Amino acid sequence: MNAARLKRFLVRGADRAGREAMDVDELQGLLLQISFAIMIVFMMAYFLFRADTRKRQEEQVLETERQKLVIAAEAVEGEMRARYGLDVLEGSPATDSATDGDAGNAAAPSRLLEGDALTSDPITAAAFLKAAQSGGADFASPLELRRRWIERVCEAAQLEQASLSREGAEWLSVETDAAIARCENGIRRAEYRAATELQGHWLAKPETISDPLVTDILSKLDGASEETRLLLVTELSTALRRLALSRLSEIAGAEMLR
């Protein structure tokens, strides 16, 4: 009887110890899971912080790069405008003296030509020669001009072209094309202005035209019908423009951009 009771007590004690041991293991496992969860949260917060910090640093670098490129691009375009005389021809054109009858009216830009010769105004004359000579030389090789332009901007910005960010390189490419186009258009406007002045001189004094084609067209205009006259006027305009550009090339010692 006593032996049986002792056996049952020992069995119950073993069962209780096993259950207690299982409860501790489960608790330790739960605590471990909680610890892992907390650790993951902190790790995620850390990496998000690092990513945000890196992004802000990259944005600051890009902004600094962009500011340098913008300032340098503006400076280089100013240099090239001076090289082509556009700072005079467009930026601050010289003016003729107003006559008594024109007093009170805004003075007009000085003429580029006097008759069929270059103006005697040295500043305006020098600017036109720059536009024709430097512009003609540079725009004869547009790809080379673009390459040198970009290199000059990077040099002025104190940045290596190869180290530019993708955004910076794209911006510089687009801005360079736009700046070159602005300068080219400025040169063309100056040449068109000079050609218009020259054609006006010839129309006022047709006897000064020595080109046989133009002379022949003018002679046909007198007795031409209305329909023929319109065709001749168009032909005359084309011939005068060709002749004007040819004469301007002689005056400037360089081919016009046409």
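The model is predicted: local features need pLDDT of at least 70, side-chain atom pairs count only at pLDDT 80 or more, and totals for chains, interfaces and linings use all residues. Residues are numbered from 1 along each chain as its sequence is written, and side-chain values use heavy atoms, without hydrogens and water.

**Chain overview**

- The chain holds seven helices and two strands (DSSP runs numbered from the N terminus: H or I of at least four residues for helices, E of at least two for strands).
- From the N terminus on, the order is α-α-β-β-α-α-α-α-α.
- Of the 258 residues, 28% count as buried (under 20% relative accessible area, 1.4 Å probe, protein chains only).
- The chain exposes about 17,000 Å², with carbon and sulfur atoms supplying 58% of it (Shrake-Rupley method, 1.4 Å probe).
- Among contacts (heavy atoms within 4.5 Å) between residues at least 6 apart in sequence, 69% join residues at least 24 apart.

**Helices H6 and H7**

- The axes of H6 (residues 212–221) and H7 (residues 226–252) come within 10 Å and cross at roughly 160 degrees (lines fitted to C-alpha atoms over the stretch in contact; angles run from 0 to 180 degrees between N-to-C directions).
- H6 and H7 are therefore roughly antiparallel (over 145 degrees).
- H6 contributes Leu213, Val214, Ile217, Leu218, Lys220 and Leu221 to the contact.
- H7 contributes Arg229, Leu232, Val233, Glu235, Leu236, Ala239, Leu240, Arg242 and Leu243.
- The residues of this contact divide into eleven nonpolar, no polar and four charged (Ala, Val, Leu, Ile, Met, Phe, Trp, Tyr, Cys and Pro are nonpolar; Asp, Glu, Lys and Arg are charged; the others, Gly among them, are polar).

Methods
Parallel < 35°, antiparallel > 145°, perpendicular 65-115°, else oblique. Buried < 20%, exposed > 50% of the residue type's maximum accessible area, 1.4 Å probe, protein only.
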